[in-house]
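Please read the following account with the sequence and the model side by side.

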There are 2 protein chains.
Amino acid sequence: MIKARRSVREIKEYVAGKNVEEVAASYGIDERSIVKLASNENCLGPSPMAVEAIREAARDAHVYPSVDAIELRQAIADRYSMPLGTVVCGAGMDGVLETLLRAYLESGDETIIPLPAFSYYEIVTRFCGATPVFCERRSDFSLDVDAVLEKVTGKTKFIFITSPNNPTGNITSIEDIRAVAEAVEAIVFVDEAYIDFAEDAKSALDLAREFDNVVVGRTMSKAWGLAGMRIGFGFIPEPAFKEYMKVATPFALSRISIAAALAALGDEDHYRRSVSTVRGERRFLTGHLPFKIFPSDANFLLMDTSPLTSGHVVSECMKRGIILRDCASFRGMGDRYVRITIGTHDQNLRLIDALKAIRETAVRGTEE
Amino acid sequence: MIKARRSVREIKEYVAGKNVEEVAASYGIDERSIVKLASNENCLGPSPMAVEAIREAARDAHVYPSVDAIELRQAIADRYSMPLGTVVCGAGMDGVLETLLRAYLESGDETIIPLPAFSYYEIVTRFCGATPVFCERRSDFSLDVDAVLEKVTGKTKFIFITSPNNPTGNITSIEDIRAVAEAVEAIVFVDEAYIDFAEDAKSALDLAREFDNVVVGRTMSKAWGLAGMRIGFGFIPEPAFKEYMKVATPFALSRISIAAALAALGDEDHYRRSVSTVRGERRFLTGHLPFKIFPSDANFLLMDTSPLTSGHVVSECMKRGIILRDCASFRGMGDRYVRITIGTHDQNLRLIDALKAIRETAVRGTEE
């Protein structure tokens, strides 16, 4: 058997959050009583208009979709006031990322990833044959522009900036992103999967209009409530658009996903309710959790579980039917951080009770 | 702006068949009266059980699917009696192909593509930075094993064999595939998208069980009636499976696509009806079309439009509301070939009438 590329052999598999079926089976819990706060899904569910559109489109499941999701790209261009020739789609933000990177990255190239970060940037960099170069965010997780720029070399092709950052939740200021974009020739990929939930934060969309090296990635998995449909989109400079389309997977989005996305974009009411619910519950949860919580502009919170380990807290929650995300699988995060998706008010109350009980049991255990 | 990789700049965009909306707009024809025989979709439509499953699953559109479509992979493993650890899924056969190739191909590598062939093999090879090496099938479009083996070098990583071949429709004998697999170290990718429609043809699945360098690709877009849902699958040797999973896009299949595929696999009755309808109509059409037709084991026919050009025939059909596929966009096919999807009996009758009229008008034009 021929061998895989060296850079691929070095990749560690992507670790996803546990799903309801897995936890139900492992812990012998009824699926219906399980609360999943691990994958940053929309706590209000999908737009009812999107559900209806899926049901309508089902009868044409045997017909290919448009090759490049043109009707969805047009609707996105209209919604965000961007030219159609800058709007791309893919199978989730991951799909957009993969497609763009394979147009540009090759063996010998480098990407810069400020940590902590979403792990897929590193995986895609490696399977394009390039080398990920890491730098650290500051202790409050804000972007250290100097630390980023120090890592830039002639080989740097991409710099990843996530805002709000995953898994830390904090926004990256538009001034910091601008400073990076101005200083480099590389493409600055601004991952705004969670930007909808931010209070008063400016999107990097204005920078994408101004600079020819700024790409903004978005998704319909979060505020738009369609994680199950795998729909990502991005705004990319016109010269890069042509290259993206050449390497894009034909028919990357299913016919039903396109129909769902079009309907969701037409339901601004559901979108606004999703965003305002998250903002309200974020304030509530932040004030009531019995561990240190970091300021968040996303639909999740980062929690420091000290003096307990993240693994202990996550597994104790799982026994109680609540799934959280242990951040130990994020490079450089150590074993004290847990990421919590903001749920409905009832789900959040249940989480607060569970975490209080876990904390008290542990403290009592230490005192005995 | 930084430049895309040289190999990407050389790629020509993938050309898909025209869709109903495009033709309706261009020719001012009512969408409902258009017959699309251009994309080899299932003429009976989707399984009613799959349609129902899509409608049921719609309410969970906000929840991520399983990261690796494990429940679908298990159902496929059962249906085809293959070990789970050899079954992979992707967004269509294209998705499976992309994922496998990016685990193995890098700059300097080569792939061998016998022509005529599906154009995406070449595109994926190029965006992985490798070089496609072409050889010719014989004049009857059968595989010329010696011509393939002559092209093998130390750099050859993949050999593509499509059976039935697209766009020619003929099966490749299992003995020929075996001869190639035995002679090379490269991975032989056997694309069996259309194998279900073949009469008495042996699948290369037995070879995949026997050889550690044979991969069989399949799709739910054809006989399983789910082209709109983007579901491909493949059977790959166990050593390659691990590498595939490392570079696979997380959540490559949507939740609704997984639900549809599971339901379709449970509807063997619809599958069998689809296959037998195609076989019967293939015999009927082959006997009644007024141009030379090549023997086909697929759900399409290759037609030689001589003395007319393919472009003329395709555009005349389009004016009559029938969409066919001009093979001029297939490398090395020239301008005399058209690919025709086998439709329902009524659609086929309409096609026969249209082609007879086009032929007669052209012959009369020449005589005048």
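A polar contact, as the term is used here, is a pair of N or O atoms within 3.5 Å; within protein, one of the two must be able to donate a hydrogen and the other to accept it, and residues adjacent in sequence count only if both atoms are side-chain atoms. In this structure, which is a predicted model, 30 residue pairs are in polar contact between chain B and chain A, counting pairs with both residues at pLDDT 80 or more. On the side of chain B that touches chain A, at least two residues each are supplied by helix 1 (6-9), helix 3 (48-57), helix 5 (92-104), helix 6 (120-127), helix 10 (238-247) and helix 11 (255-265) of chain B. Helix 10 of chain B gives the most to this side, with six residues. By residue type, the side of chain B that touches chain A divides into 37 nonpolar, 13 polar and 21 charged residues.

The extent of the contact can be described both by residues and by area. Chain B contributes 71 residues to the contact and chain A contributes 70 residues. The size of an interface is often given as the accessible area lost when the parts come together. Between chain B and chain A the buried area is about 6100 Å², and carbon and sulfur atoms give 62% of that area. Of the area that chain B buries against chain A, 13% is supplied by Met1(B), Tyr64(B) and Lys246(B), which is more than any other three residues supply.

The search over the whole structure finds 40 salt bridges over all chains, and two salt bridges are found across the interface of chain B and chain A. In one salt bridge, Arg102(A) pairs with Glu98(B), and the closest N and O atoms are 2.9 Å apart. Arg102(A) lies in helix 5 (residues 92-104) of chain A and Glu98(B) lies in helix 5 of chain B, so this pair joins two chains.

The next step is to look inside a single chain. Chain A is divided into domain 1 (6-45 + 269-367) and domain 2 (48-265), and the centres of these two domains of chain A, taken over C-alpha atoms, are separated by 25 Å. In the contact of the domains, 34 residues of domain 1 of chain A meet 34 residues of domain 2 of chain A. The area buried between domain 1 and domain 2 of chain A is about 2800 Å², of which 60% comes from carbon and sulfur atoms. Tyr271(A), Asp297(A) and Arg331(A) supply 26% of the area that domain 1 of chain A buries against domain 2 of chain A, more than any other three residues.

On the side of domain 1 of chain A that touches domain 2 of chain A, two or more residues each come from helix 1 (6-9), helix 12 (268-288), strand 10 (300-304) and strand 13 (337-341) of chain A. Helix 12 of chain A gives the largest share of that side, eight residues. The residues on this side of domain 1 of chain A divide into 15 nonpolar, nine polar and 10 charged.

Some backbone details remain. The peptide bond from Ser163(A) to Pro164(A) is cis, with omega near -5 degrees, and Pro164(A) is placed in the loop between strand 5 (156-162) and helix 8 (174-183) of chain A. In chain B, the peptide bond from Leu115(B) to Pro116(B) is cis, with omega near 0 degrees, and Pro116(B) lies in the loop between strand 3 (110-115) and helix 6 of chain B. Arg230(A), although not a glycine, has a positive phi of about 60 degrees, and this residue lies in the loop between strand 7 (214-219) and strand 8 (232-235) of chain A.

Technical notes
Residues numbered from 1 in each chain as written. Chains lettered and ligands numbered in written order. Heavy atoms only, no water. Contact = heavy atoms within 4.5 Å. Buried area = accessible area lost by both parts, 1.4 Å probe. Salt bridge = Lys/Arg side-chain N within 4 Å of Asp/Glu carboxyl O. Helix = DSSP H or I, 4+ residues; strand = E, 2+ residues; numbered from the N terminus. Nonpolar A, V, L, I, M, F, W, Y, C, P; charged D, E, K, R; others polar. Domains from an automatic or database assignment.
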